[in-house]
Structure formats: C-alpha cells, structure tokens
Amino acid sequence: MSRIRFDPAGWAWSFCFLAVSVFVLHSPAMAQDTFAKIKQRGEIVVGTELQFAPFEFLQGETPVGFDVDLIDRMAKDWGVKVSWVDLPWASVLPALEAKKFDMVVAGTTRSKARLDRYDMTLPIGDATVALIKRANDSSINKPADIQGKVVASMKGSEQLQTLEDYAKTLPGGAKEIKVYIGSPNAYADLAAGRVSAVATSLPNLLYLQKNNPQFQVVLPPFGPPAYLAWVLPKTPASVPLLDAVNAEITKFDKDGTIQELQIKWFGKAVPLPYENVPPPVH
C-alpha cells in the first residue's frame, strides 16, 4: 500500500499556488470576455420576443424595428452578424440566465429589481405607460375611465405592474386585469371587445394607432417616467460587452442615428437621458 508523505514546506507552497490560481481564474480581468468571444466567432446571439412593435417584431420571417436597426448598426461597427432567438417574453430573461444568448435586445423597462439582478444598458426608449382603446369607445377618455372595466397588459412586464398599481388608486378599481403572454393576443381581444383597454409603453401604442385606425391612444400617460433598455448578465465577463453597447448608444445619440431611427419608427424624436439616467421608481 502506498503512503503519502506529509511535507510541511511542500504543502505550504502548494497551498499558495492553489490560492493564486483560484484568484486568477475568478478575477474579472481573467474571466471569459463575452465581447471578445462575439468578435472571435463573428456573431452576437440576442434573445427577444419579436412581438413588441415598433421596437422588435416580424415582417414575414424577418425581424424589423427600432431595436433591430440599432443592434444591426452596432454589429456592423463590430464586424459581426446578429442571430435572433425568439421566445415568449416570460421566457426571455430566464433564458438569458441559462446562457442561451449573449444579451437581450428587447424593450425592457429599467426597474429596481432588474437592476439588482442584471446589468442594463443606457436607455433605448421611453417606457411611460399609456392605454389604448377601440376608437369608437366613447366611455374611455382618460386613464381613470378604466374604473370598473376589464383591462389588460402583458405577463412579466413592468407595464402590468404599473397598471395594477394605478388601478388600486381608483375608487372602484378595475373590474379585471387580464394578463397576456403576447401583445398581439391582447390587441385581438381589444378589437373583439373582450377587454376595454390595453396598457403598455406609449411608443408602442402610438405605432399601433398609426397603423390600425380602429384603435386610439388614451392620453395622458400614467405612472412614473420610465425607460427601456437592453439586458445583460451581471457578470464580469459581460462588462466589456455592456461598455461596447453603451459606447455605441452614446455615439449614435451624438451623430443623430438615434433620432433618425426614432423618427422612422415612432414618428418623432424623443430625447432620452444618457448622462444622468434617473433611478427607477419601482
């Protein structure tokens, strides 16, 4: 039977080597750099739900929208292509945590809970919440008119939370708040009269109204000011990618690209806070 001889001096040197190795392997500088890997393979893989017009949606089989144009221009600067993973919204952030893609390119509202769990880019859109109704429905002329009515928003969204909070401030509340997996189903039920209004971000609703005269946006918006951003894992490996994305957003704001894409997709340019992003209320 073999024996293991205990050598105090050798053990000490081995322990020091092991400690240094662990430190190096787990230090941010030595972590696998996601941005470097993207450039090496010539592809960035992004997750989204392609049902959030005008930010990201499908025309036939082709992804289009504000976010699509923006990430395409970034990818061109980086010399890589963009590959999309399209999932129901409730599955997108869990899939990011499961490392199914490099980042989330979707209109995602900045919130306290999300900023605690993920890294989020500079704002790419306005997330102030508003309502949309059927254009021929004269019973809703302001947000408070949803009292006693069936309204809707999307599962897992900050817009749903804002709607629920707002309904609690009304004397009678809402009759019911329906939760939908995707906005197309909510809009279909709105058109059919199964819900009286749908709540989501104002830019999305302005786009919907522009392209569907049967719908009308209910103004003013309600709830606190909020902003949309893209999402990355909160890991050292993702920091270079976050820095690269934010550098591109800043550059595109200064050279007019952001404003150009806003006019293309929203109908007007909307100033966004880049230097001092206000903290989310929720």
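Okay, let's start with a pair: D137 makes a salt bridge with R134, and their closest N and O atoms sit 3.9 Å apart. By salt bridge I mean a side-chain nitrogen of Lys or Arg within 4 Å of a carboxyl oxygen of Asp or Glu. Both D137 and R134 are buried, that is, under 20% relative accessible area, with exposed being over 50% and partly exposed in between (1.4 Å probe, protein chains only).

Quick caveats. This is a predicted model, where local features need pLDDT of at least 70 and side-chain atom pairs count only at pLDDT 80 or more, while totals for chains, interfaces and linings use all residues. Residues are numbered from 1 along each chain as its sequence is written, and side-chain values use heavy atoms, leaving out hydrogens and water.

Back to the salt bridges; the count comes to ten. One of them pairs R41 with D102, closest N and O atoms 2.3 Å apart. R41 is in helix 2 and D102 in the loop between helix 4 (89–97) and strand 6, so this pair ties together parts 61 residues apart in sequence. Helices (H or I, at least four residues) and strands (E, at least two) here are DSSP runs, numbered from the N terminus. R41 is partly exposed at 39% relative accessible area, whereas D102 is buried at 11%.

Then there's D119 with K234, at 3.3 Å between the closest N and O atoms. D119 lies in strand 7 (residues 118–120) and K234 in the loop between strand 14 and helix 9, so they link parts 115 residues apart in sequence. D119 is buried at 16% relative accessibility; K234 is partly exposed at 41%.
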